[in-house]
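Please look through the sequence and the coordinates below before reading on.

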Amino acid sequence: MRSRYTAYVLGDVAHLRRSWHPETRPTDVTLVAGQRWTGLEILGTVGGQALDSNGEVEFVAHYQGPEAAGSLHEHSRFERVDGRWVYVDGDASGV
């Protein structure tokens, strides 16, 4: 989760693609022009330990956009594929 947040901060689209589950990865990963990520709060985790094959992270990521500041509150699912954790999907509605 933290490496993906850092990739958004740095604009590292290649890392975002590598760390996205191949079955849910979009064809094109596009970043919002003029958006600057300013902070990450991990609110909770489920699973994701050394012997687990999946895990979940609830987080709030703060940003400064071209128009205003905001935040993304998401409950994300991750899965271990070939020994690496990859992002499967997330729910930002009703978190």
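A nonpolar core is here a set of buried Ala, Val, Leu, Ile, Met, Phe, Trp, Tyr and Cys residues joined through side-chain atoms within 4.5 Å, where buried means under 20% relative accessible area. The model to which this is applied is a predicted one. Its largest nonpolar core has eleven residues, namely Tyr5, Ala7, Leu16, Trp20, Val29, Trp37, Val57, Phe59, Ala61, Phe78 and Tyr87. Helix α1 and strand β2 each supply at least two residues of this core, and β2 gives the most to it, with three residues. In soluble globular proteins, nonpolar side chains tend to be buried together.

The sheet comes next. Strands of a sheet pair through backbone hydrogen bonds, either parallel or antiparallel. In this model four strands form an open sheet in the order β1-β2-β3-β4, and the pairing is antiparallel. Strands β1 and β4 are the edge strands, since each pairs on one side only, and neighbouring strands of the sheet are turned against each other by 30° on average, direction ignored. Between β2 and β3, which run antiparallel, there are eleven bridges; in one of the pairings across these strands, Val57 has Ser76 in β3 as its bridge partner. Helix α1 packs on this sheet, touching β1, β2, β3 and β4, and its direction makes about 165° with that of β1.

How is helix α1 itself arranged? Within its residues 2–10, Arg4, Tyr5 and Ala7 are buried, and, seen down the axis of α1, its buried residues fall within an arc of 155°, so they line one face of the helix. An α-helix has 3.6 residues a turn, so residues three or four places apart point the same way. The face turned away from the buried side of α1 carries the exposed residues Arg2 and Leu10, whereas the buried residues of α1 pack against α2 (13–18) as well as β1 (36–47), β2 (54–64), β3 (69–81) and β4 (84–91). Just after α1, Gly11 takes a positive phi of about 75°.

Helix α2 holds His15, which counts as buried because its relative accessibility is 18%. Leaving aside its neighbours within four places in sequence, His15 is in contact with Ser3, Arg4 and Ala7.

On strand β1, the place to look is Leu40, a residue that is partly exposed, with a relative accessible area of 23%. Apart from neighbours within four places in sequence, Leu40 is in contact with Met1, Arg2, Tyr5, Phe59, Val60 and Ala61. The C-alpha atoms of Leu40 and His62 are separated by 6.3 Å, although these residues are 22 residues apart along the chain. Phe59 in turn, with the same exclusion of neighbours within four places, is in contact with Met1, Leu40, Glu41, Ile42, Leu43, Leu72, His73, Glu74 and Ser76.

Which residues form a salt bridge? Asp89 forms one with Arg77, the closest N and O atoms being 2.7 Å apart. The pair links distant parts of the chain, with Asp89 in strand β4 and Arg77 in strand β3, twelve residues apart.

Methods: Residues numbered from 1 in each chain as written. Predicted model: local features only at pLDDT ≥ 70, side-chain atom pairs only at ≥ 80, totals over all residues. Heavy atoms only, no water. Buried < 20%, exposed > 50% of the residue type's maximum accessible area, 1.4 Å probe, protein only. Arc of directions from axis to C-beta. Contact = heavy atoms within 4.5 Å. Salt bridge = Lys/Arg side-chain N within 4 Å of Asp/Glu carboxyl O. Pairing = 2+ DSSP bridges. Axes fitted to C-alpha atoms, helices over the stretch in contact; angles between N-to-C directions.
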